[in-house]
There are 2 protein chains.
Amino acid sequence: MKEGDSSLSEGKIIKLLSSFFKVPKKWIGIGDDTALLKYGDKNLLFTCDVLNEEVHFKRSYFPPYYLGWKLIAINVSDIISKGGKPSACLLFFNLPFSDRQWLEALMKGIKSASEKFGVKVVGGNTSASKTISLGCAMLGTCGKHGFIPRKGAKAGEKVYLLGTPGLSHAGMKLLKRYGYNSAIKIWKKAVMAHLKPEPHLYIIDDIITHFSPTSMTDTSDSLIESLVNILTPELDIHINHIPLHRKISLKEAMTGGEDYNLLFTSSSENTCGLPVSRIGSVVPGSGKVKLLKDGIMEEIKMRGFFSHF
Amino acid sequence: MKEGDSSLSEGKIIKLLSSFFKVPKKWIGIGDDTALLKYGDKNLLFTCDVLNEEVHFKRSYFPPYYLGWKLIAINVSDIISKGGKPSACLLFFNLPFSDRQWLEALMKGIKSASEKFGVKVVGGNTSASKTISLGCAMLGTCGKHGFIPRKGAKAGEKVYLLGTPGLSHAGMKLLKRYGYNSAIKIWKKAVMAHLKPEPHLYIIDDIITHFSPTSMTDTSDSLIESLVNILTPELDIHINHIPLHRKISLKEAMTGGEDYNLLFTSSSENTCGLPVSRIGSVVPGSGKVKLLKDGIMEEIKMRGFFSHF
């Protein structure tokens with residue numbers, strides 16, 4: 001449930017959607033990383049995400065194998081971020097051409113990712129179009145710990161991040177500038193973070209067991225947007241430490257999208273050495289994200305953020 | 001799970017998909033109107049379908065309210081055709097513009113259809129794109145009668161059709177030629193069959209109770225393709241009566257798409273006067289559809305069909 005570089009923001013659509021549709025009380029719906037549906041004693045997670053040519057990728061630099069991988073991975077990431085396990089998905093392809101080699105590479109990527117993350121491809125839909133649009137609708141199951149919402153943080157809790165922010169964005173810039181073959185030689189880790197994101201399925205059970213997160217989201221929309229997404233009107237988040245890569249600026253780390261890192265809040269300390277960074281605290285407030293700068297907590301305004309640094 | 005006018009046919013994609021993905025035995029997957037998933041004691045139906053600008057509609061003649069209605073209705077139709085009831089859906093919009101009035105009309109259509117058919121919109125995803133692509137992924141529940149597959153017919157059974165074939169295609173031709181305002185005056189029923197299809201939810205329980213269908217599909221891909229879809233290599237279908245509208249030719253009735261009528265097989269006679277037409281019989285054979293012409297059963301070949309009439 002991620003937004004492209006559209007003039008019509010997801011925020012606006014969600015507002016419109018919310019004004020039109022009432023989700024049953026027993027279901028959590030519009031506005032979280034996935035929907036939560038209850039069928040009998042089963043809690044199911046339901047999400048969809050797309051990769052559109054010219055918005056999320058260009059064919060010139062994005063090998064189809066990785067595109068297939070990423071299509072699965074970004075949906076898996078949404079499900080993991082709610083504490084769930086992916087189970088089944090449908091694919092929908094809008095394609096302007098019929099290039100068997102390209103399509104087979106795409107399928108191989110989908111197969112690799114779906115096998116790695118334990119999700120079964122159970123059907124699909126194809127249609128003609130002018131540009132490539134690849135979609136995936138995915139179902140997952142909720143563990144015994146239940147659904148971890150975006151909005152669940154309480155004052156006094158700690159804010160944790162798993163992963164290096166801004167890496168995917170740095171990779172994308174290299175790919176756009178130099179193309180795949182050169183970019184991969186310049187900085188493989190960043191390029192692969194963009195092409196082949198690895199949702200943190202391997203560690204999610206440990207995080208849940210140790211931290212019992214009260215809120216969680218993936219950082220696909222950038223770290224700053226994800227922080228705003230877990231905020232409520234009665235809370236502020238104070239950020240005092242961002243795990244910066246030496247080649248990535250604070251601005252890039254905060255605003256770079258498509259990282260698929262996990263952001264969560266918890267009352268626990270990281271006593272068992274899990275590879276997560278404590279980046280800040282939840283305090284009583286009024287829905288603001290503040291960042292430690294020269295010893296002072298300064299409010300980050302979303303609109304001014306890009307020009308602020 | 002419907003195909004647009006693409007050079008890359010759904011058949012080819014499905015073949016590719018099938019060669020890459022193995023669906024668990026307890027699940028029915030690729031190649032039916034919906035997938036069937038088992039979660040505990042719940043059987044869930046899972047499907048997705050899209051409406052793409054320039055492939056499935058043009059903005060010039062398709063009012064957004066009806067587009068919203070149709071997006072829900074075509075997915076509901078898939079679920080009904082498996083004997084199920086729709087429950088929840090996600091929407092994914094690729095949009096090239098931000099026209100609030102157009103979008104609100106679209107939402108109103110989605111709201112009307114989702115309320116009428118009892119399906120909850122639980123989330124969505126938006127992205128920028130060059131042309132409009134509207135997608136919907138829908139979940140439904142399976143009734144106590146279970147999943148009615150495409151492939152389940154047995155020799156000796158009767159073939160039934162609910163609805164008038166070719167009506168939607170006739171409406172589309174009028175819309176393309178005269179635009180909405182004139183077309184609706186010329187032949188409202190056909191135009192509305194195209195713009196605002198009505199899945200047969202009101203009658204599905206009666207059909208299941210009375211006929212216990214052994215196979216079922218909707219006719220979204222045209223009557224002839226739907227007949228082929230319910231065939232197996234050991235059976236032929238003999239068609240001896242198509243309920244033709246006086247303004248629709250046999251060719252249009254057989255090949256016109258997007259009707260969302262129900263095609264099913266059953267060993268029962270229509271003794272209780274349900275408004276379904278018996279159009280033919282299932283006989284031992286070799287995977288052929290034959291049509292009564294001048295007293296003789298003639299094979300219909302898919303490839304030659306358009307030039308055959």
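Guide: Two strands are said to pair if DSSP finds at least two bridges between them; strands (E, at least two residues) and helices (H or I, at least four) are DSSP runs, numbered from the N terminus. The model is predicted, so local features need pLDDT of at least 70 and side-chain atom pairs count only at pLDDT 80 or more, while totals for chains, interfaces and linings use all residues. Residues are numbered from 1 along each chain as its sequence is written, chains are lettered from A and ligands numbered from 1 in the order in which they are written, and side-chain values use heavy atoms, with hydrogens and water left out.

The part to examine is strand β5 (residues 133-142) of chain A. Strand β2 (residues 42-52) of chain A pairs with β5(A) in the antiparallel sense, over nine bridges. Within that pairing, Leu139(A) of β5(A) stands opposite Phe46(A). Strand β3 (residues 84-95) of chain A also runs antiparallel to β5(A), and ten bridges join them. Here Ala137(A) in β5(A) is the bridge partner of Leu90(A).

Glu258(A) is found between α8 (250-255) and β9 (262-266), and Tyr260(A) lies in the loop between α8 and β9 of chain A. Glu258(A) is buried at 11% relative accessibility, and Tyr260(A) is buried with a relative accessible area of 2%. Most residues other than glycine have a negative phi. Glu258(A), however, has a positive phi near 65 degrees, and the phi of Tyr260(A) is positive as well, at about 55 degrees.

In chain B, Thr219(B) occupies the loop between β7 (215-218) and α7 (223-230). Thr219(B) counts as buried, at 2% relative accessibility. Leaving aside residues up to four places away in sequence, Thr219(B) touches Leu161(B), Ser226(B), Glu258(B), Asp259(B), Tyr260(B), Asn261(B) and Leu263(B), where contact means heavy atoms within 4.5 Å.

Terms used. Buried means under 20% relative accessible area, exposed over 50%, partly exposed in between (1.4 Å probe, protein chains only).
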